Amino acid sequence: MATTAAKTRVFLEVRRQLQSALLILGDPKEGAMPLDISIMPSSLQVKTPEGCTEIQLPAEVRLVPSSCRGLQFVAGDGLHLRLQAKAELGTKLISMFNQHLQAQECCTFYCQSCGEVIIKDRKLLRVLPLPSENWGALIGEWCCHPDPFANKPLHPQEEDCFIGDSFFLVNLRTSLWQPRPELSPVEMCCVSSDNHCKLEPKANTKVICKRCKVMLGETMSSETTKFYMTEIIIQSSERSFPIMPRSQFVQSVIAQCLVQLSSARSTFRFMIQGQDNKVYILLWLLNSDSLLIESLRNSKYIKAFPLLEDTLKAHSSSAWSAVKVLYQPCIKSRNENLVNSWESDISIHPLTLPSATCLELLLILLKSNASLPSSLRHMNSFQVAFLKM
């Protein structure tokens, strides 16, 4: 491995479907020091007067050294080159909810943030996907007679779990633990025919964790509760709660949602909005086959270029499957015209999350963008980021 902790940065993005790779290495200052670069099928080696950096690639990744082309120096990044690569990395995804395995099993619902048990030992006999959120508007195109589903909301029974784009619907009538809804501030409401008003408390629909006070979902009716996928972990009751960094969990769940929705509905643009219907982020899914590898040997450069959160614990040859996205922040009335344009486009899919999670996701995207080589951070008017699978 590395003979000296050299200061050479190495960044490698492998596209599995295209069987190609982009390699960026060297000091960002032109002529700062001579480099001796060796590319082998299973490793990269960069020698400088200060030392040697060697990165062993994962066993599933192989480069084709003879295919190197397009060598150029990019100010602020270092040397860029492209080459062929083969990668068949099997990623173990964080399960949002496996319909086939979980049906007929006793499951426990946990708060992802603190591990508090939300629903204990719930046997689910039916795990069913919900239709798209706009299915009611299309019913006139499907039926030649009056709408048979009018005023019939889709609510789960006691042993059901319905799966939406970013949430689960469950029935809490028989649960041992009943989520405690918060109370919203007192509001004015008219209670008599002479338009006299008095103050009456109005219940909020938020469902919060008793331990950490994180918003988990919303009450849809007296028995039905919506839990957001980014806030809940569903495990077989035979297993213990899996401890997982919050950032890693949010990235994986959002990345899987984007990939599944783009495949099922042929849409690649998404509006990330809070439960208050406020738009926080505009997302454009570019690809879902990226594999990222970066040199993490030098502590100074770990701090300067953390590819994704939790890289301080990663091995120098760690590889991450990720989705590549373009994004635009929309907080504080930024990009208002673009938001209005996207809201009127029926091909763009809204994805609703708790407002706090929208801000978490925005922070993850900003940190990912800041960690990339400067030439990769922007595409047209959008910013570029990776979400770890």
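A residue counts as buried when its relative accessible area is under 20%. The views below come from a predicted model.

**View 1. Gln273 is a buried residue with a polar side-chain contact.** Gln273 lies in strand β20, which covers residues 269–273. The relative accessible area of Gln273 is 12%, under the 20% cut-off, so Gln273 is buried. The side chain of Gln273 makes a polar contact with the side chain of Thr352, at 3.1 Å. Leaving aside neighbours within four places in sequence, Gln273 touches two stretches, among them Lys278, Val279 and Tyr280. Pro350, Leu351, Thr352 and Leu353 are also in contact with Gln273, and so is Cys358.

**View 2. β3, β4 and β5 form an open sheet.** The three strands come in the order β3-β4-β5, with antiparallel pairing. Which strands stand at the edges? They are β3 (36–40) and β5 (51–56). Each has a single partner strand, so one side of each lacks a neighbour in the sheet. From one strand to the next, the twist averages 10 degrees. Strand β4 spans residues 43–48 and pairs with β5 over six bridges, in the antiparallel sense. Within this part of the view, Leu44 stands opposite Ile55 of β5. Strands of a sheet pair through backbone hydrogen bonds.

**View 3. Phe109 and Phe227 form a tilted aromatic pair.** The structure holds five aromatic pairs. In this one, the ring centres are 6.4 Å apart and the planes meet at 50 degrees, so the pair counts as tilted. Phe109 belongs to strand β8 (residues 106–111) and Phe227 to strand β18 (residues 224–228). The pair therefore ties together parts that are 118 residues apart in sequence.

View 4. Trp284 is partly exposed, at 32% relative accessibility. Phe382 is buried, with a relative accessible area of 8%. The charged end of Arg269 sits over the ring of Trp342, 5.2 Å from its centre.

**View 5. The charged end of Lys226 sits over the ring of Phe167.** The distance to the ring centre is 4.8 Å. Strand β12 covers residues 167–171 and includes Phe168. Phe168 counts as buried, at 1% relative accessibility. How many residues separate Phe168 and Thr225 in sequence? The separation is 57 residues. In space, their C-alpha atoms are 8.1 Å apart.

**View 6. Strand β19 is covered on both faces.** The strand runs through residues 232–236, and five of its five residues are buried. On one side are Ile232, Ile234 and Ser236. On the other are Ile233 and Gln235. Five bridges join β19 to β8, and the two strands run antiparallel. Thr108 stands opposite Gln235 in β19.

**View 7. Asp121 and Ser333 have positive phi values.** Neither is a glycine. For Asp121, phi is near 50 degrees. Asp121 is part of strand β9 (residues 117–123). Its relative accessibility is 43%, so Asp121 counts as partly exposed. For Ser333, phi is about 65 degrees. Ser333 is found in the loop between β22 (319–329) and α5 (336–343). At 53% relative accessibility, Ser333 counts as exposed.

Definitions and conventions:
Residues are numbered from 1 along each chain as its sequence is written. This is a predicted model: local features need pLDDT of at least 70, side-chain atom pairs count only at pLDDT 80 or more; totals for chains, interfaces and linings use all residues. Side-chain values use heavy atoms; hydrogens and water are left out. Two strands pair if DSSP finds at least two bridges between them. Helices (H or I, at least four residues) and strands (E, at least two) are DSSP runs, numbered from the N terminus. Axes are lines fitted to C-alpha atoms, for helices over the stretch in contact, and angles run from 0 to 180 degrees between N-to-C directions. Buried means under 20% relative accessible area, exposed over 50%, partly exposed in between (1.4 Å probe, protein chains only). A polar contact is a pair of N or O atoms within 3.5 Å; within protein, one must be able to donate a hydrogen and the other to accept it, and residues adjacent in sequence count only if both atoms are side-chain atoms. Contact means heavy atoms within 4.5 Å. Rings of Phe, Tyr and Trp (its six-membered ring) pair if their centres lie within 6.5 Å; planes under 30 degrees apart count as stacked, over 60 as edge-to-face and the rest as tilted. A charge sits over a ring if NZ of Lys or CZ of Arg is within 6 Å of the ring centre and within 35 degrees of the ring normal.
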